[in-house]
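Hi there,

Here is the structure I said I'd pass along. Have a look through it, and then read on for some notes on its salt bridges.

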Amino acid sequence: MLLNYLRVALRVLVRQRLYTVLNGVGLALGIATAAMMGLFVWHETHFDGFHGQAGRIFRVLQARYQPAHAPSRMVVTSKPLGPTLAQDLPEVETMVRVARHFIVLRHQGTPVEDRIALVDAPFFRLFDFPFLAGDPATALKDPGTVVMTESQARRYFGTSDAVGRTLMLTSGTGLTVTGVVRDLPSNTLFSRELPLTLWTNIATKFHDGWDPMFADQDEKWRNDFIHTFVLLKPGVDPATLAPRFPALLAAHRQPMRAATPDVVETLELQPLTAMHIDPIEGIGTSPATLAAFVGVAALVLGIAMVNFINLSTARSSLRAREVAIRKTLGSRRGQLVGQFLLESALLALASGLLGLVLVELAMPRFLGLLNVRVDGGFLSGGWLLVAVLPPVLAVGLLGGLYPALVLSRPRPTSLLRGPQAAGGGRLRAALVMLQFTAAIVLVIATIVMGQQTRYASTQDLGFRPEGAVVLRGLDRPAGLAGVQALRDALSRIPGVVSVGAAANVPSDRSVWTNNYRLPGEADSEPDLLFRTEPVDVGYLDALGVPRLAGRLFDPDHPADITSRAGLRAGDGNRVAVPIVLSAAAVKRLGLGTADQAVGRTVLYGGDEPLTVIGVVDDVQFDSARSSFEPTIYMAMRDELSIMLVRLAPNADAATLAAIDDTWRRLLPDLPLKREFLDDHIRQVYEEEARQSDLLALFSGLAILIACLGLFGLAAFTAERRTKEIGLRKVLGATVADIVRLLVWQFSKPVLMANLVAWPLAWVVMGRWLGGFAYRVQLDPLIFALAGLSALLIAWATVAGHAARVAAAKPVTALRYE
Amino acid sequence: MLKLVDLTKVYRTEEVETTALNQVNIHIKQGEFVAIMGPSGCGKSSLLNIVGMLDNPSSGQYWFGDEEVAGYGERRLADIRKKNIGFIFQSFNLIDELTVFENVELALLYHDIPSRERKERVKEALAKVNIAHRESHLPQQLSGGQQQRVAIARAVVSRPRMLLADEPTGNLDSANGEEVMNMLTELNGEGTTIVMVTHSMPHAQYARRIINLFDGQVVAENLRAA
C-alpha cells in the first residue's frame, strides 16, 4: 500500500510539474532563509556555554543609578576591584582580570602591533580553551610567559610547536612561550567582544613605558579599564551578593566630589553565557536584533509555507475523484489522510533538501553580509538538520492536513458527482492577503531603511570628513614624546594644510564623559554630564570645525596645555585650565551666546575651575542615532593617540608617501597605521547599510516567493474556471473581459493586504526611526508606491495565465472535463 | 441477497427539499441480474448509491443478507462494501496517475492480500476482460471501451458477490457497449449478482428483471423469460 501511495505521489508530482517546481522552489527558498537565520540566532545565543564552569562564571559590571539619568553599566572596572572581591567575599572562589595592551614586535623586518591580554594566572582554569602544548594550570604562573593560539604561533614561528620559543618585542623584552591553544571557537566572548590571541601574566613587564602606568593602577579605584571575572563557589546564588556591593565599593572608593548624594554606585554580576546577548556599550548582539532576525525569518518562511499549503490544497481539490474511487474500493479515512500527508511530506522533504543545498551555497555570503564569523562546525550536517527539519515537518504536515481531512470527509457519492468546485477559495484568498501583507511591510521597511541610511551618511557632521588623513598609535611613550616633532614635520610637507593630534577622531566610539557645573550653583543641582575630548593645538582646525567665538588652543599660549594628571591633582594653585566649548555645551550650561560664553568659568568634577577661551560648532562624534552631544575640548598632552592631517585639494600620492616617510623616520619603532577620515566615518554606518542590504534581500525573496505562489494559484484558477470562461465567451465576453475578471480576482487580496500592511509598517518603522536623533520623515508616497508595486507584480504574474485561457476558443473550454 | 423496505431518500438544501426515493420496496436475490430504468431524475442513481452503501437512506430499511445496514456509519459500510460490492461507472473513474495494472490492483490493496496472489488475480482479471496487453498503459492512453474494460476488471478482481453498474455503456459506442454487456452477462452466469442502471432498452434486455422507476417510486417490474 505504501508503495502504491509513493507511486501515486511521485507521478502526481511529475504530472503537475509546474506546481511541483513552484511549490518546491518557494518552500526551499523559505526554508533556506529560515535555516540561515536560525543558525545565526542559535550561534549568537550559545556563547561560552562550553566552559565546564560556565554556570559559575560572572563578569563584574559597574553600575551607577542616579535619579533623572539613565542607569549606566560599564564592562570595565578598576584594577584593585578583583583582588578585593576575592578577599572580602567568601563566596568568590577565584577571580581573573583581563587588561589589554598593544605590544610592538618586528615581524619580517617591519614593526607590527599586536594585542596581548594581561590576565591573572587562573585564566585557563576558568575558561576551557584546549591546549595543544603546555599546561593550562601553570602556563601563566610567572611573569614573562606567553600563551598563544596556534595561528599566532604559526604566524610568528612558522609552527604551532612553539613552546619554549621567545617572542621578542621591540622594547627588548622577550616573552617565553609556555602554551599553545587551539584557535578560539567563534562563539566565545574572547573571539568577538574581547578578541584575544596572546595571553601573558598580569605582572609581566614590557619595558615600553607602560609598566609604571599599569603598576600605578594597583590602588586606583576610580580608573576603570580592566575586565574582571569571578568564579563563584558551587551553589552560590549571585543575587545574595548584590546587597553587599554598594558598601564594599563605598569602603574603598572615595566618593566623587560634589556628586549628588542620591547616586548609587554598585556592582552587578553578569552571567558569562548571557554576555553576548546582553550588550553593554553597544557591543554584542542585542535581543532586539535577534528578535528582528527571528521575525523576518518567520515572515519569509511563513510566506513560503502559506504558498505550499495554498498550492497543495488547491491542487488536491482536483483529486476529489481519486479519493472517491479509493473510498468506493474500501479505503478508510485514516488511510487517505496518511496518503495525502505522505505526498505532502515527500515534497516538503525534497524542498528541505534543496533548501540545504541553498544554505550551503549562500551561508558564507549571508555571514559576509552580517560581517560575522561562525565556526564550520555550526554549518555541518547535524546542525543544519536541526535547523531545517522542524519547518520541513511542519510544512509537510500542514500542507497535507487540509486535503487529508477535508477531502476524506465527504461520502464518496458527493465526490463522484464530478470535479468539485475547489473548496477553501476564501481561505486561500485570505492566505494570499497575509502573504502580501508581509511582503508589503518588508518592502516599506526596506525603502525606509535605505532612505534613513542615505540620509544619515549625508548628514552634516559639523566637520569636513573628506580630505583628511588619520595616523594612529601615538599612545605610547615614544609616540607621545614625538608628537610635536611629528606635527612640525608633517606641517612642512607640501599638500598638507593643517595638522593636529587628539585622543580620538569622530566615530571612534570613545566615551569619556565628566561632570561639570557652573560656579555658585546650589549643591542640589545635578551636575551636567558632558563629553570630554582631549585634543592638541591644531586639531580642531585640521578637523575643519568652524570657530564661533574666542580662540582655539594655540602653541603661543603654553598655559593652554594641561594633562589628565594635572587636572586630577587639584593641587590648589587654582590656575584655571583653558577649554573650548561646543555650541551645544554653551546652550546646556545656559551661557547665552557664543561670544558671551568666552571668558566664563566652568567647574570640573565639582571644584576644578576651567576657563572658556573659545566656542566651536557642534561635532557629531557618534552617529546619526544620537544628537550633537555637548562637548568640552581640553588640550591634554598625555592623552593623545592620533594625528589628524588635513590635505590640500591638490594633494596626491606623493603627499601620502611623504606622510608615511615622515612617520617612519621619526617613529621607527612604531607601526604606521594610516587611514582616511571619511573611510573611517563610513564604517559607522556600515552596520546600518548592511542591515538595510539584508532587509532588501529578504523583502525581495519574500515577494519572489509570494509571486511563485500567486503564479501557481493563477494557473490553477485559470484551469479550474476553463468551462466557466468558455461559457462566458459563448455568451459574448471578450478576451479583455475575461482577463479583467481573473486579474480582479487576485487584485482583491493584494488590495486588502495594503490596508493591513500600511498601518503596521507605519507603526514598526516609526518606532525604528525613533532610535535616530536625525531621521527622515515617513512618506505616505512610499507606502502607496510599495502597495502599487505589489499590485503590479501580482497583475504581471496573473495576466499571462488569464490571457492564455481567455484567448482559447470557447469550444475547447467547453469540451474540457 | 438484499431487501429494501419502505426506503426513502430526501435531499435537503436550504431552500428546497427533493424526494429522490419514495417508499421503495425491492428484493434482489443472490445471482440475479437486475436492470433499473427510468427517465433522468427518477432516482436511479440515488438508489444505486444506497444499494452500493455509498450513501445512507433518509428512512426505511436496507437489509443486506441478514444485516440491517441503513443506520451504519461510514466505517462499517466501507467494510461491508469492500468485501461484497464492486462498482462500474459511466465515466470509468480510473485514477489517471496509475497504470492499468495498478488501477486494478488498487481494489485488492485494501484487502490485505499477499502481493503474489494480488498480482495473479490482477492478471487473471485483465485477461478476462481482454486488456492484459495494455497493463502498463495509463488510462488516458486507452480508448473509452478499453477504459471501461479496465474498470470492469477492477470491479471484479476482488470477487464481489454483487456488481453495481451505473450506465456502464453510456459513454461507449454500440460495439463496445455490446462487448461490455456480454461481459456482465458472463459474470452473472458465474454467480455474481448484478444491478445495473441504464437508459438503453436493448442493454436492459440482458437483465433477467427490469425495474422501472418514476419520481422516486417503483412503477413497474418486468420479469424477462430466461
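Arg11(A) is partly exposed, at 25% relative accessible area, whereas Glu102(B) is buried, at 8%. Do keep in mind that this is a predicted model.

Next, have a look at Asp278(A) and Arg73(A), whose side chains meet in a salt bridge at 3.0 Å, N to O. Asp278(A) sits in the loop between β11 (264–271) and α8 (287–317) of chain A, and Arg73(A) is in strand β2 (residues 72–74), so this pair ties together parts that are 205 residues apart in sequence. Asp278(A) is partly exposed, at 24%, and Arg73(A) also counts as partly exposed, at 29%.

Then there's Asp660(A) with Arg674(A), where the closest N and O atoms are 2.7 Å apart. Here helix α20 (residues 653–666) is linked to strand β23 (residues 673–676) of chain A, so the parts tied together are 14 residues apart in sequence. Asp660(A) is buried, with a relative accessible area of 11%, but Arg674(A) is partly exposed at 31%.

Back to where we started: salt bridges with shared partners join Arg7(A), Arg11(A), Glu102(B), Glu105(B), Arg118(B) and Lys119(B) into one network. Over all chains, the structure holds 41 salt bridges.

Cheers

Methods. Residues numbered from 1 in each chain as written. Chains lettered and ligands numbered in written order. Predicted model: local features only at pLDDT ≥ 70, side-chain atom pairs only at ≥ 80, totals over all residues. Heavy atoms only, no water. Salt bridge = Lys/Arg side-chain N within 4 Å of Asp/Glu carboxyl O. Buried < 20%, exposed > 50% of the residue type's maximum accessible area, 1.4 Å probe, protein only. Helix = DSSP H or I, 4+ residues; strand = E, 2+ residues; numbered from the N terminus.
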